[in-house]
Amino acid sequence: MGIVAGLDSSAGFTHVVVCDTETGAVLREGYAPHPVEDRATEADPQVWLLSLGEAAAGGLLDDVEAIGVSAQQHGLVPLDAGGTPVRAALLGNDKRAQVAAADLVESLGGREAWAQAVGSVPTSPQPLAKLAWMARHEPANAARTATVMQPHDWLVWQLLGRPARSTTDRGAASGTGYWSAATGAYRPDLVERALGHQVALPEVLGPSDAAGTTPEGLLISAGTGETMAAAFGLGVGVGDAVVSLGASGSVMAVHHEALADPSGTITSFADATGMHLPVVHTSNAVRALRGTAELLGLEGGPAELSALALKSTPGASGLVLLPYLEGERTPWLPHTAGTLFGLRRESMKPEHLARAAFEGMLCSLADAMDVLRGRGVQVRRVFLLGAAAELPAVQAMAPMVFGTQVVVPQPAQYAALGAARQAAWALGVTQGTLAPHEPPAWQGAVAQILEPGEDAAAGGAARQQYAAARDQIHPTAFG
């Protein structure tokens, strides 16, 4: 039996899991918060190291042979020629680059040109847009920038003792805005377009490659971004989709090829196994539930709204909520607003509005899923992630709306588990016990399985009702 560790450096904490290489069983864990303010848009990268040291204290890493690193995505760590940050790291939730992102889109000829170039359209979270923002607002820092890393790249580089070579992986690179999952290559011309000059970029490693060995002899695997690590930790494969229920929403699925989407609706990520993770985002998910709860004066928020919604029936007595409260990305309606459709005397009851909110959120995500299906992506089961996945109304309605088996994984540190699984893979390849294209067969997530059952027809009818309202109000939304 070997022992490996996976660390997940998220926006607010570091979590470390130590696992058995054969089974993936968690042997011990460590946790430490980052000493930064909530919702901070910048951070001194050193706080990530301090948090890592605290999480791994007390001999947590004793006997560990390899470590995998997962970290928050879309952060930018700009370094000078000596490897010192020229400023604090810009984090993924920083929205100051919105104008810079829009200008980049226009400069290359629009959304289709970007989708063809790198599989995604610039948005404010991406490192590319942050470089453009820095060039415009902090020209001195931009001029000093000689190397660009993301948080995961920087942490691996630090663990290895700051070697001359810096590395990343396909998953993390695919979120930068200047690396294409389809071609497997950087677009340094796009970096220059944003920043004004060329910079050094990390070498992109394969899924089972090792980044190197620490001065203490620990093997460090390639690492990856949080999204890719969580998918690997969950054990999703071809035929699986992952629906994330946050304030906004997303649907991603494992696919055998990168999807070039002329509209830019699909973001073409790479995963941590050599496959691809096409993702479709929605601007509104749980925020529609919170807004409806506030409208109805429910102090218990989505939980109380859930109980109320279950007093209604499928279709909410004809009431439809198009949950485009913050505009919408899928369909591309950035300047629209939400709509309550089908008001009749019999539908004007709190329980129907509550159910319409849940059905609207899930139908919107089903629309996003259909974008992937329309490009040949198989979806045979759906993993539901996020705190809202535990709500009884979500669990009752999701299988019928999605029309397929729904898996609600037990809460766990899946990104850290995915990082540990990657470490076990790299270690096995190094030792000759695993093949480079066959990751260790760890046990999948412990989960609740929900089937559509007899409610599938009612779910299909609710989706048809939703689609009819959507197409009447936004007839060109999906072409």
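The notes that follow go through strands, a helix, salt bridges and a few single residues.

This is a predicted model, in which local features need pLDDT of at least 70, side-chain atom pairs count only at pLDDT 80 or more, and totals for chains, interfaces and linings use all residues. Residues are numbered from 1 along each chain as its sequence is written, and side-chain values use heavy atoms, with hydrogens and water left out. Helices (H or I, at least four residues) and strands (E, at least two) are DSSP runs, numbered from the N terminus.

**The sheet of seven strands**

- An open sheet is built from 7 strands in the order S18-S19-S17-S16-S22-S23-S24, and its pairing is mixed. Two strands pair if DSSP finds at least two bridges between them.
- Strand S18 (266-270) and strand S24 (447-450) are the edge strands, each pairing on one side only.
- On average, neighbouring strands of this sheet are turned by 25° against each other, direction ignored. For such values, axes are lines fitted to C-alpha atoms, for helices over the stretch in contact, and angles run from 0 to 180 degrees between N-to-C directions.
- S18 pairs with strand S19 (residues 276-282) in the antiparallel sense, over 5 bridges. Within S19, His276 stands opposite Ala270.

**Strands S1, S2 and S3**

- Strand S1 (residues 3-9) and S2 pair in the antiparallel sense over 7 bridges, and they form a hairpin with 3 residues between them.
- S2 is also joined to strand S3 (residues 26-33) by 7 bridges, and these two run antiparallel. This hairpin has 5 residues between its strands, and Gly24 in the turn has a positive phi of about 85°.
- Strand S2 (residues 13-20) is mostly covered, with 7 of its 8 residues buried. Buried means under 20% relative accessible area, exposed over 50%, and partly exposed in between (1.4 Å probe, protein chains only).

**Helix H9**

- Helix H9 (residues 226-234) is largely enclosed by the rest of the structure, because 7 of its 9 residues are buried.
- Those buried residues are Met228, Ala229, Ala230, Ala231, Phe232, Gly233 and Leu234.
- Gly235 follows H9 and has a positive phi, near 85°.

**Salt bridges**

- How many salt bridges does the structure hold? There are 16, a salt bridge being a side-chain nitrogen of Lys or Arg within 4 Å of a carboxyl oxygen of Asp or Glu.
- Side chains of opposite charge can pair when their charged atoms come close.
- Arg96 forms a salt bridge with Asp94, with the closest N and O atoms 2.6 Å apart. Arg96 is partly exposed at 38% relative accessible area, whereas Asp94 is buried at 5%.
- Asp189 forms a salt bridge with Arg187, and their closest N and O atoms are 2.8 Å apart. Asp189 is partly exposed at 36% relative accessibility, and Arg187 is partly exposed at 28%.
- Asp367 forms a salt bridge with Arg470, where the closest N and O atoms are 2.9 Å apart. Asp367 lies in helix H12 (residues 350-373) and Arg470 in helix H15 (residues 456-473), so the pair ties together parts that are 103 residues apart in sequence.
- Both Asp367 and Arg470 are buried. Salt bridges with shared partners join Asp367, Asp370, Arg373, Arg463, Arg470 and Asp471 into one network.

- Ser364 lies in helix H12 and is buried, at 1% relative accessibility. Leaving aside neighbours within four places in sequence, Ser364 is in contact (heavy atoms within 4.5 Å) with Thr282, Pro323, Tyr324, Glu328, Thr330 and Tyr466.
- Gly184 sits in the loop between strand S10 (179-180) and strand S11 (185-186), where it is partly exposed at 47% relative accessibility. Gly184 and Glu203 are 19 residues apart in sequence and 11 Å apart in space, C-alpha to C-alpha.
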